[in-house]
Structures are given as C-alpha cells and as structure tokens.
Amino acid sequence: MFKNKVTELLKIEHPIIQAPMAGGITTSELVAAVSNAGGLGMIGAGYMTPLQLKEQIKENRKLSSHSFGVNLFVPTQFHAKENEVKSANQLLNPIREKLNVPPKEHVEIPSFTDALKKFNEQIKVIIDEKVPICSFTFGLPSKALIAELKQHQMVLMGTATSVKEAIVVEESGMDLVVVQGSEAGGHRGGFMNNGHEGLIGLMSLIPQVADSVKIPVIAAGGIMDSRGLMASICLGAQAVQMGTAFLTCMESGAHPVHKDAILNASDDETVVTRSFSGKWARGLVNPFIENMKEHENDLPEFPVQNSLTQDIRKASSSQNNKDFMSLWSGQSPRLAKNQSVANLIKSIISEVEDIKC
C-alpha cells in the first residue's frame, strides 16, 4: 500500500520508523520488534560507548534479520564558562541533598575533543559492522565522512527543524531528511538555531520542506497513530518517525515511572526546557523544570549541563521519583498506549484503510 522511495531505500514494508531515543529506551528488543513488524528499528546510540554500540548491533542481529539503523549525535564545539558551570552546580546541590546524593565539589567538564573521538570511534563501529542505515542529530558530518559512508552503501538520514536546515541536509548529500516539528518529544534535532526560536509545527513544516527539497521527507513530531501517518503523507512526507508511541510499548527500555507519567498525562503538560541537558527538549513538566525555569538562560550548554545533572537523573530514576527525571514526551500523550510494538504497527496499518485524504 505504501511502497515508495523511503520503503525501497530502507528495505521496509511499512513507512514507519521508530525514533532513535538515546539513553536506554531503544533496547535490542524494541529495535528488533519494530523491524520484525515491518517498520525500521533504530538504535539511539548518542550516549553509547563504541563497545556498547557494537554489542547492541550484535544483539539486534540475533533478534532480527530485518533492516535497522543507528543514530549518532554529531559533536559541535561548545564553550564552558567556569563561573556559569559553578553557578549551575550550586543550584543543583540542594536537589542532590533532597535525593541523598553527595554534593559535587569538583565538576568535570566534558571536552569537545573527547566527544569527537567517541563519534569517530562510533563511526568505525558502524562501518565495521556494516550497518545499513545511519541517521544524524544535532548537525551533519563532514562531506568527506558522508562520501566515505556512501562508499559502504549506507543510507544516510539528516534531521531538520526548518526549511533552511532541510536544504542544508540535502546539499550535504544525505539520502533522506527527517523533519522534526515542534510537537516532538525529547531534544530538538536542529543545528542552525538555538532550538527554542522559530518552533514550527509539523503540519506547517512538512509541505514547506517537501516543496523545497528533492530528497524524500520523513515526518516526526506528535505522530501516534494512523491519522498522523495519513496526514503526514497527504502533506508530502513519505514516512513517519514516531518516538513517544514506541516509548510506552512493552519492549521499550524507558523507566516504568516515565511510561506511567506519559500514559497519565494530558495534552497541555509538556514544555520545552533546557534545564536537564543545556539543549532545548520537550518533556512533561515537573518540579525540577519549574525550579530551574528562572535560571534556564544562564545554564551551561550541552553537553556540560547534561553532565552536571547526570547524578540527579540517575538517583531520581533509582528512587522512582519523577520529580527530577527527564520525562521526554511529544505533545500527544493522550494517544499513548501500553501495548506491544506488533500491536501498535498492526493497528496503524489496519486503520489506514478507513482514512481518506
């Protein structure tokens, strides 16, 4: 029913891609289940070590013989001001006290050199393991690297949050562009603005991008069911990328508290914040976000703030305390269900026949 350039390139039956959610959500079970059900499972490797990535690729291949992909964060230069880091750390110490976490006396600032080294090692893994598909978030690799990956017959996807970014993605040599609307949960994947300005809704973004680029468009942001799929296709996309819908599935590695929070959330509970990581991201509002809101513009940029809050997020998770967890979610939580991946994809495809553009 949906055979097109995207399904052909990605070697999938249905034009449904599971968003590559980093941080443990995209378990091998989730990725394989999506691929086995006819969609494209994606490993969210942004925070993985090269060894962890290699192990998950091997695990995934044991569970599925179908097409899958890997998503990587493209490292960009960042500047950590000592006074900014110190000030942010002092704001976090009272929260650590509430969670019985030792205060941070010495702050280890991550370096761009280390991030670049890890990225290059991750690239080596995906080449060595002959990963068929790779997507990129927060930027684009160099043209030389893109050319190298294409020599290995890899299908490449870039992420854009505006028409301007989508054009740059196409010019870079990417095969596909994922257009991320403002409704999307998790981090903003853009790279040409600060992520908070010019938040463009998906239904406005798709046709404008489709009219501006020749490469196929994949729609992302707030899509949960057959209605979202059909609306996206009617507007010019050839596939959809869904995150929150898969996050609450049984095979997802999301914390039970995170899943439960989404399943019980209303449509007006998500906000865009940079309190957790230093990069703008959409999630369910909680006391941590509320407490940090007035300091948001003064916090260090990603990945510095992400490193500062790591112990807080970890302790909050282990204590089943949603007050200080990053509860990433798109703007359609009311449509989320606790179900199997197979059931989610089957229901989307079966309901499509009842929808007319």
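Visitor: Strands are DSSP runs (E) of at least two residues, numbered from the N terminus. Which strand does Ser-135 lie in?
Guide: In this model, which is a predicted one, Ser-135 belongs to strand 4, the stretch covering residues 133-137.

Visitor: Is Ser-135 buried or exposed, and why?
Guide: Ser-135 counts as buried because its relative accessible area is 3%, whereas the cut-off for buried is under 20%.

Visitor: And which residues does Ser-135 touch?
Guide: Leaving aside residues up to four places away in sequence, Ser-135 touches Pro-20, Met-42, Val-70, Asn-71, Leu-72 and Met-157. With Asn-71 there is also a polar contact of 2.8 Å, which joins the two side chains.

Visitor: Where does the kink in helix 4 lie?
Guide: The kink, of about 30°, lies at Leu-92, shortly before the proline Pro-94. Leu-92 is also one of the buried residues of helix 4, a list that includes Val-85, Ala-88 and Ile-95.

Visitor: What covers the buried residues of helix 4?
Guide: Among the elements that cover them are helix 12 (287-292), helix 13 (304-308) and helix 14 (310-318). Just after helix 4, the chain reaches Asn-100, which takes a positive phi of about 60°.

Visitor: Okay, strand 9 next: which way do Ala-239 and Val-240 point?
Guide: Ala-239 points one way, as does Gln-241, while Val-240 and Met-242 point the other way, and all of these residues are buried.

Visitor: In which sense do strand 8 and strand 9 pair?
Guide: Strand 8 (residues 217-220) pairs with strand 9 in the parallel sense over three bridges, and Ala-220 has Gln-241 as its bridge partner.

Visitor: What order does the open sheet of three strands have?
Guide: The order is 7-11-10, and the pairing is antiparallel. Strand 7 (186-187) and strand 10 (270-273) are the edge strands, each pairing on one side only.

Visitor: How many bridges join strand 7 to strand 11?
Guide: Two bridges join strand 7 to strand 11 (residues 281-284), and in strand 11 the partner of Gly-186 is Arg-282.

Note on methods. Residues are numbered from 1 along each chain as its sequence is written. This is a predicted model: local features need pLDDT of at least 70, side-chain atom pairs count only at pLDDT 80 or more; totals for chains, interfaces and linings use all residues. Side-chain values use heavy atoms; hydrogens and water are left out. The bend at a residue is the angle between axes fitted to the seven residues ending there and the seven starting there. Helices (H or I, at least four residues) and strands (E, at least two) are DSSP runs, numbered from the N terminus. Buried means under 20% relative accessible area, exposed over 50%, partly exposed in between (1.4 Å probe, protein chains only). Contact means heavy atoms within 4.5 Å. Two strands pair if DSSP finds at least two bridges between them. A polar contact is a pair of N or O atoms within 3.5 Å; within protein, one must be able to donate a hydrogen and the other to accept it, and residues adjacent in sequence count only if both atoms are side-chain atoms.
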